[in-house]
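Please consult the sequence and the model while reading.

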Amino acid sequence: ERALGDASHTVSTQFIAQLGALMRTINSTEVQYVRCIKPNALSKASLFDQPRVALQLRCAGVLEAIRIARLAYPNRMPHGAFVERYALLAPEMVGLLASARAAAAKSDGAAVRAACEKLLAKVVTEEGRFQLGKSKVFFRANLLEKLEGLRGRTLGVYVLKLQASGRRWLAQRKYKKQRRAAIAVVARYRCHAARA
């Protein structure tokens, strides 16, 4: 009886039970890998050995994983930042930026994502050049550079319009000042002529 009772509590059965509990815990969580990088061989604070860290990253496969990820969608941007930066490319959607700002202030990610999706449909004409994630937009190679060029040209047009308005205002102000001065001179001349 004693031998049978002890058999259920052997080291191997305890290990199997613990291993089963550990596997249940692991399977119930989302897997995230943490890579520990040792910054120097001396284990001293504020000492960073760059070649050693680069070697550790290369050996762990981190650099290769980053290179592969960059081949697919190398550029990424949060939804709100995309709407904020590129809303000027679709001036007919003026309310979109205001609604995205309001949604971001309320921490309404779904509304910001919807605004981003509308803007992307308007601005990006090429199919399959981006992917809309839960919190970010992922762009294929060269698409973000193309959008930046388009944004730069659009800003250039706006700057030219603003400069033209400013020059017009200055010219009108100068003209009105000269006109008032000319009217005053003519009025004084007529007043002087009438007295003579």
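**Strand pairing and cysteines**

Q: Which residue in β3 is the bridge partner of R76?
A: In this predicted model, R76 has its bridge partner in β3. The strands β1 and β3 run antiparallel and are joined by four bridges. The partner of R76 is F138.

Q: Which strands stand at the edges of the sheet, and why is one side of each left without a neighbour?
A: The sheet is open, with three strands in antiparallel pairing and the order β1-β3-β2. Each edge strand has a single partner strand, so one side of each lacks a neighbour in the sheet. The edge strands are β1 (75-78) and β2 (130-132).

Q: What angle does the direction of helix α5 make with that of β1?
A: Helix α5, residues 79-86, packs on the sheet and touches β1, β2 and β3. Its direction, compared with that of β1, gives an angle of about 90°.

Q: How many disulfides does the count come to?
A: A disulfide requires two cysteine sulfur atoms within 2.5 Å. For C59, the nearest cysteine sulfur is that of C36, 15 Å away, and C59 is in no disulfide. By this rule, the count of disulfides is zero.

Q: Is C59 buried or exposed?
A: The term exposed applies to a relative accessible area over 50%. C59 has a relative accessible area of 65%. Therefore C59 is exposed.

Q: Is C116 buried or exposed?
A: A residue is buried when its relative accessible area is under 20%. The relative accessibility of C116 is 0%. Therefore C116 counts as buried.

Key: Residues numbered from 1 in each chain as written. Predicted model: local features only at pLDDT ≥ 70, side-chain atom pairs only at ≥ 80, totals over all residues. Heavy atoms only, no water. Buried < 20%, exposed > 50% of the residue type's maximum accessible area, 1.4 Å probe, protein only. Pairing = 2+ DSSP bridges. Helix = DSSP H or I, 4+ residues; strand = E, 2+ residues; numbered from the N terminus. Contact = heavy atoms within 4.5 Å. Axes fitted to C-alpha atoms, helices over the stretch in contact; angles between N-to-C directions.
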